[in-house]
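Thanks for coming. I will go through one structure today, starting with its domains and ending with its core.

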Amino acid sequence: MSARKFGPKETVDFVVVGSGAAGGVVARELSQAGFEVLVLEQGPRYTAADFKHDELDYWFNSALTNNPQANPQTFRKTASEKAEQVTAVPALIYARMVGGSSNHFTGNYWRLHEVDFKERSLLGPIEGTSFADWPIDYAELEPYYTKVDWEVGVSGLAGASPFDPPRSKPYPMPPLPVKSSGVLLERGARKLGLHPFPAPMAIASEPYRDRPACAHCGFCIGFGCEMRAKSSPLYTMIPEAEATGRCEVRSESYVSRIEVDERDRVTGVAYFDKDKREHFQKARAVVVSANGAETARLLLMSANGRHPDGLANSSGLVGRNLMFNTYAQVNAIFEHELNEYKSVQVTRIVHDFYQSDPKRGFYGGGGFDGRIGPNPIGWAMFEPPPDRAWGAEFKSLIEKMPRAMISATHGTSLPLESNRVDLDPELKDAWGLPAMRVTYRDHPDDLANARFLQDRATEVLQAAGAQEVWKDPVEESTIGVHLLGTCRMGDDPKSSVVDRYHRTHDIRNLFVCDGSSLVTSGRGQPTMTIQALAFRAGDHIARFAKRGEI
Amino acid sequence: MRNNDTTRRDFQRASGGALGAAWLGIQWSDLAAAAEHAHEAAAGTIDHQFKVLTPAQARDVAAIAAQIVPSGDTPGAREAGVVYFIDHVSAGIYARNAPEFLAGLTAFQQEFAKSHPGSDQFADLDAAAQLAYLKSVEKTPFFGGMRFLTVAGLLALPSYGGNENKLGWKMVGFVDRHVWSPPFGYYDQDYPGFEPYPKAARS
């Protein structure tokens, strides 16, 4: 079957806004269940052949991501400040293309643990935060995590981590071959009595379905996969949805507004095509999966007389509780060559510090991995300490790049209502729509936890025999790539935006599913969980539709 | 730190994101459009004719770059043709932003002239004096921009006009290929395989 093309006057069963980690899955599930689905994606559609090894263009020129000129944003730390336009790097970054950020991500794909869903009950409230339990538990999500492993394609070793939650099935592919950074992380961690384990990755370690295995080209983080080995929806969910003959993916279609009628039912969406001409697409229901930043912005931009604060926003929480996951980094140089510019980023992870421990004096937990990050330009630009940033010392340091690695930490971010996405009152984007305004300041516990994890990672690299080790300073975040929590899930319409099935509390035929649904941040690397939620949402939405309950 | 003054931690944190080019205070949004030049360079014919920089400007830009990544026992920014990268991207793809960069360069030259009445230009100083002078201006946006341009001119694809003969990549031990296979480095060559933890550890 070839992809469906809907005519301009047709009413589709579902419009799905966004074709990324969540939108791709929802589109596949709904079209395979027999519904007619139109996916509207603001970015272009690339093929594997379009992707380049061009670090300058992809990392320094926003070639694949939202662009600070066309898609401008403003940023501030607190609501008392005037948000300033960011000209160099957007505050919230996402890949703007079919398949979304799953094209350029690292592909870390471990599951949340059982504790992540009920931490508020276990630990008690945290003053000044929106810390809450999820309305669902791990057991409820487990079958859908397994679905991600097998339908999307995850490489890993079941049972390797003593801390992993129970699983109903092993991984479909073995772990990717260990890199020197993984060997060293494992060596140092085992010396300290920790339990490093092979990283589960959404990258094919062997041929899987119709896709080839990873060729270890090394242009992974920040790049689209030229081998189709990275398990992006571009190569997995989207073609499978189109193969039903009931799904069209319309790229360069930028949704500006969701319309509702006087009975509070969504009637369709307005969008701009690539020539900035406006269209209206009629739909029986809409699923917004535009990412934790754009989803909230779209709901706010869709305000009308009956919904002056935006759609689905009776709680006032649309855009609030934005969470990034904290990041900290340790750099190391070893005696021999690692050549970290080859292959995938991460092959070993440490999760011994996953749980929050009141004895540490702050809330939070997480882990750390071994990798290099973007290179060579990125490493040379940003890794040398300030006193070795240029001159002979700089040169001698960058000559050691083959012997370098980093350990990156991933940790919790507490939900705070003050951290949010909303509409800038003045600035407009290239389509004349209100620019995104971002307000974000890490909770002090989040920074304390990031420093704690960074210290543990430092000990591991030292135990592994590093010749030089230096830490990057841990500072308040001004950039987020994990865009979480802005339409949180919950049973109570007063304290959440969507219910446990991703239906908005306010509008019966409007659903939201993506990073915005997360109630807590987990410990980083959220895409696996976003996709498990999307499989579950697709399953339930299809059932509702079949029963006439939409 | 603000997004307009992004730290290296932000860079890594933005894993997968792109960093706009305002390291220079200039925008680079057309950088990728250098297709024609890319073909030229891919054919190994990097053009050594300056398109934007005057000879005096080129001398100073080359001298600054050569202090950021000096030559010595091994080649540096000078041998890698960083000045041609800077000139060429100023000529085509970031022509609309070139005035801002050139204004920064002019200000640098004017400040230098004020503090060195006896010297014609920065490039005429001996190496030690150049180094000392750059130390005094290393916090300026212009120097920050020059540092970025030098690193990019050293390590970006040669199709952008620098990294001549892949000298930059050789310096940092980087090889651009589409396929690798394990072992990737020294430490993974004798890895015995992942040893599972005893059940007792599984708490």
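Which domains does the domain assignment of chain A give? There is domain 1, made of 1–103 + 110–149 + 232–324 + 417–438 + 483–550, and there is domain 2, made of 154–218 + 326–411 + 443–476. Please keep in mind that this is a predicted model.

Next, the distance between them. The C-alpha centres of domain 1 and domain 2 of chain A are 29 Å apart. The two domains of chain A do touch: 23 residues of domain 1 are in contact with 24 residues of domain 2.

Let me take the domain 1 side of that contact in chain A. Helix H2 (55–60), helix H3 (119–123) and helix H4 (138–153) of chain A are the elements that each give two or more residues to this side. The largest share, six residues, comes from H4(A). Sorted by class, this side of domain 1 of chain A has ten nonpolar, five polar and eight charged residues.

Now the core. How many residues does the largest nonpolar core have? The number is 217. Among the residues with the most contacts inside this core are Phe14(A), Val15(A), Val286(A) and, from chain B, Ala65(B). Helix H11 of chain A, residues 527–546, supplies the largest share of the core, nine residues. Both domain 1 and domain 2 of chain A are represented, with at least three residues from each.

One residue as an example: Val15(A). Leaving aside neighbours within four places in sequence, Val15(A) is in contact with Leu38(A), Leu40(A), Gly268(A), Val269(A), Gln281(A), Ala283(A) and Val286(A). That is where I will stop.

Technical notes. Residues numbered from 1 in each chain as written. Chains lettered and ligands numbered in written order. Predicted model: local features only at pLDDT ≥ 70, side-chain atom pairs only at ≥ 80, totals over all residues. Domains from an automatic or database assignment. Contact = placed C-beta atoms within 7 Å. Helix = DSSP H or I, 4+ residues; strand = E, 2+ residues; numbered from the N terminus. Nonpolar A, V, L, I, M, F, W, Y, C, P; charged D, E, K, R; others polar. Core = buried A, V, L, I, M, F, W, Y, C linked by C-beta atoms within 7 Å. Buried ≥ 20, exposed ≤ 12 C-beta atoms within 10 Å, placed from the backbone.
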